[in-house]
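Please look over the sequence and the structure before reading on.

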Amino acid sequence: MAIWIKNPLGIFVDDGVDAGGGLIVDDAVITELVPAGREPSSTFSRWLDASDHVIVPGLINTHHHYYQTLTRGFGVTAKYDPAPWRMIRDPIWSRLRPSDVRLAAKLTMCELLLSGCTTSVNHHDVFPKGLKHAIDIEAEVATDLRMRAVFARGSMNLSIKDGSLPPDDIVQDNWAILTDSERLVKKHNLLGDRSGAMIEIVLAPCSPLLVSSELMRATAVMAEHLECRLHTQFAQTEDEDRLFKERFRLSPLDYLEEHGWLSDKTWIAHGVHFSDADIRRFGSAGTAIAFCPTAHWVRGSYPSWVNDAIASGVPIGLAVRSSAANASSNLMREVRLFLQHQRSSRGRVALTHREAFRLATEGSARCLARADIGKIAVGKQADLAFFKLNEQRCSAGSDPVTNLILSDERLADRVMVAGRWLVENGKLSNVDLPKLKEARNKAARRLCMT
Ligand SMILES: [Zn+2]
């Protein structure tokens, strides 16, 4: 049953494309863009007046840790150093129960959907006793909500007993990690054409410094064999270069290459400390970067290589990764923060607001190697976010898309994923949000106080 989404106030499409008359969505796919003042050439059985809405491609979040929303604001250290941060929070996460993981995943995915995000990556890396099936739980939540999701099957196999930071009871051995990774990929991933996939699994050691060399290498081999992607966290702190050299006698990028990770199958999150030569190597290899503006801002380590990386062909996407940095899961906020810092550091050669927005849609889709999402065009999945511009901060005479990106972040009025309405009139379908928030808060209080 096709629907004509008719005459939007504004629509974000490729430069030079006229979709002023809206678009046709048939089942899960965009089948026609309608020029301004015209009627669709294809048949439709329903229509929606979108004259109050700016329509953009659903945003794509390339990194998050949903369970960490349970400790948002807890044990914040003045300098946000990763080591003390982990030492404070890891013991709390070792007490996670299946119900906590379910609540955190559900509330975070709801938060993302309400902000216009239609696809999100969750990197789950702690597996305390009783949480062996954490990713199955999170995948059930995504299926119930009908949100498009990528689950990064995290892993840590080095703990306090090995001289590392995590407590012994949240890490796993290689056998447990690899057998579960294989099970999840075989259960969820499509082989060949991945178009329209609602859930995907990728393999994702927490950080090369928290797993053994053997596991890093075995993970890359397994990903090649199972035809899935690789994800990890990398180059977050200034001293990583020294740590890699001390432990492995390799630079961080040489380590990635040596272990089969410097390729177009990989995207990394949190990367800040790269040299110009590193960026060129990423570009040659096609390795993508999930850029996390709030995380960089909070740590006071905002990098200036983004323009150069884009020029070198490095795929760049955006990510909220902000629960651990104690902010909300609103990707539009990250677009604006990214723009502000770009302008501060690069001046007039910074990216434009439209280019910055594209990082959160097309750029993020490239991180996930997804050709079917991230853009409003014929043949793409109907993942769409609709925003109203009826506040006093918006001026009716200006370009609505510019107004949407620059005036302030806001919540979506409507959100469609794979042709289904998940948010209507600013509300999620079939979710009792106040009840969910109360349950999540109860779980968070228990975790942080015991
Ligand atoms: Zn992270």
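Donors here are N, O and S atoms within 2.8 Å of the metal (3.2 Å for Na, K and Ca); water is not among the atoms, so sites may look incomplete. By that rule, H63 (NE2), H65 (NE2), Q233 (OE1) and H270 (NE2) coordinate the zinc ion at 2.0 to 2.1 Å. The model is predicted: local features need pLDDT of at least 70, side-chain atom pairs count only at pLDDT 80 or more, and totals for chains, interfaces and linings use all residues. Residues are numbered from 1 along each chain as its sequence is written, and side-chain values use heavy atoms, with hydrogens and water left out.

**Zinc site**
- Along the chain, the donors of the zinc ion follow the spacing H-x1-H-x167-Q-x36-H.
- The 4 donor atoms subtend angles of 93 to 169° around the zinc ion, so the arrangement is irregular.
- Four donors count as tetrahedral if all angles lie between 85 and 135 degrees; four count as square planar and six as octahedral if opposite donors are over 155 degrees apart and all others between 65 and 115; anything else is irregular.
- Ideal angles at a metal are 109.5 degrees for four tetrahedral donors.

**Residues H63 and H65**
- H63 and H65 are both buried (under 20% relative accessible area, with exposed over 50% and partly exposed in between; 1.4 Å probe, protein chains only).
- H65 counts as buried because its relative accessibility is 3%.
- H65 lies in the loop between β7 (59–61) and α1 (82–93); helices (H or I, at least four residues) and strands (E, at least two) are DSSP runs, numbered from the N terminus.
- The side chains of H65 and H63 make a polar contact at 3.0 Å (a pair of N or O atoms within 3.5 Å; within protein, one must be able to donate a hydrogen and the other to accept it, and residues adjacent in sequence count only if both atoms are side-chain atoms).

**Six-stranded sheet**
- This open sheet of 6 strands runs β2-β6-β15-β16-β17-β18, with mixed pairing; two strands pair if DSSP finds at least two bridges between them.
- β2 (10–11) and β18 (427–428) are the edges; each has a single partner strand, so one side of each lacks a neighbour in the sheet.
- β2 pairs with β6 (residues 53–57) in the parallel sense, over 2 bridges.
- I11 has I55 in β6 as its bridge partner.

**Four-stranded sheet**
- The order of this open sheet of 4 strands is β4-β3-β1-β5, and the pairing is mixed.
- β1 (residues 2–6) and β3 (residues 22–26) run antiparallel, joined by 5 bridges.
- I5 has L23 in β3 as its bridge partner.
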